[in-house]
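Reader: Please set out the residue-level features of the structure shown below, taking each topic in turn.

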Amino acid sequence: GRSFEVGLLEDGRPFFDATASGSWDSQGRELVGTCRILPGEAYALAAVFEPGSRMALTVNGRPCGDIRDRVPARLHANDTPVLLGAQPPGHRWADLLVAALWVDGRALSADELAAWADSLGLTELPTLVESHVRDGRMDLSKVRRDVLAYCRSLQVEGKPYGVLRERAFP
């Protein structure tokens, strides 16, 4: 049970969860970013929560996701510690070095986040994830291409076909 959780999905997309109750339930909301965090690169990642109004992710000062519907309007005070790294026992994980972490008492604006990323020298456009859905229709050729690319990423280089690693990122 956490009020906030920020991390990476297995494919490198950042996610931001917020819940009003302190437990993951029907009051929770998740935002998955539209960009990909690549191993070995430095990023300025920010998650913004405006109660009842907006949740947003920015990477290197650039928007990476934003939702404005069903955003929890309140938070439950709890003593859950901050968790960095693997989320037991689940499928979410992060292998990273954290240079700085802070929680601000107010929702920073897009301009403030861009200035912060600029002050760190992290302004490069992150790798964007192409949406498979446009105008309410799923493009199965894009889904097929991404599934096959993911399967190829599991192949262990220099080994016979079919020798696979457990994750796309070694």
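Reader: Is N60 buried or exposed?
Author: The model is a predicted one, in which local features need pLDDT of at least 70, side-chain atom pairs count only at pLDDT 80 or more, and totals for chains, interfaces and linings use all residues. Residues are numbered from 1 along each chain as its sequence is written, and side-chain values use heavy atoms, with hydrogens and water left out. A residue is called buried under 20% relative accessible area, exposed over 50% and partly exposed in between (1.4 Å probe, protein chains only). With a relative accessible area of 5%, N60 is therefore buried.

Reader: Where is N60 placed, and what is its phi?
Author: Helices (H or I, at least four residues) and strands (E, at least two) are DSSP runs, numbered from the N terminus. N60 belongs to the loop between β6 (54-59) and β7. The residue is not a glycine, yet its phi is positive, near 55°.

Reader: Which cysteines does the disulfide join, and which hand does it have?
Author: A disulfide is a covalent bond between the sulfur atoms of two cysteines. With the criterion of a pair of cysteine sulfur atoms within 2.5 Å, the count comes to one disulfide, which joins C35 to C64 with an S to S distance of 2.3 Å. The torsion about the S-S bond of C35 and C64 is about -105°, so the disulfide is left-handed.

Reader: How many residues apart are C35 and C64, and are they buried or exposed?
Author: C35 has a relative accessible area of 1% and is therefore buried. C64 likewise counts as buried, at 1% relative accessibility. The pair links distant parts of the chain, with C35 in strand β4 (residues 35-36) and C64 in strand β7 (residues 62-67), and the two are 29 residues apart.

Reader: Is C151 buried, partly exposed or exposed?
Author: The relative accessibility of C151 is 41%. C151 therefore counts as partly exposed.

Reader: What is the arrangement of the rings of F4 and F16?
Author: Rings of Phe, Tyr and Trp (its six-membered ring) pair if their centres lie within 6.5 Å; planes under 30 degrees apart count as stacked, over 60 as edge-to-face and the rest as tilted. A search of the whole structure finds two aromatic pairs. In the pair of F4 and F16, the ring centres are 5.9 Å apart and the planes stand at 20°, so the arrangement is stacked.

Reader: Which strands does the pair of F4 and F16 tie together, and are these residues buried or exposed?
Author: F16 counts as buried, at 3% relative accessibility, whereas F4 is partly exposed, with a relative accessible area of 39%. F4 and F16 are twelve residues apart in sequence, and they lie in strand β1 (residues 4-8) and strand β2 (residues 14-19), respectively.

Reader: With which residue does F4 form an edge-to-face pair?
Author: This aromatic pair has a centre-to-centre distance of 5.2 Å and 75° between the planes, and it joins F4 to F49. It links distant parts of the chain, 45 residues apart, with F4 in strand β1 and F49 in strand β5 (residues 45-50). At 13% relative accessibility F49 counts as buried. One aromatic cluster is formed by F4, F16 and F49.

Reader: Which residues does G28 contact beyond its neighbours within four places in sequence?
Author: G28 is found in strand β3 (residues 28-32) and is buried, with a relative accessible area of 19%. Its C-alpha atom is separated by 8.7 Å from that of S3, 25 residues apart along the chain. Taking contact as heavy atoms within 4.5 Å, and leaving aside those neighbours, G28 is in contact with A18 and T19.

Reader: What pattern does the chain follow along the sequence?
Author: The chain has two helices and ten strands. Of its 170 residues, 29% count as buried. Read along the sequence, the pattern is β-β-β-β-β-β-β-α-β-β-β-α.
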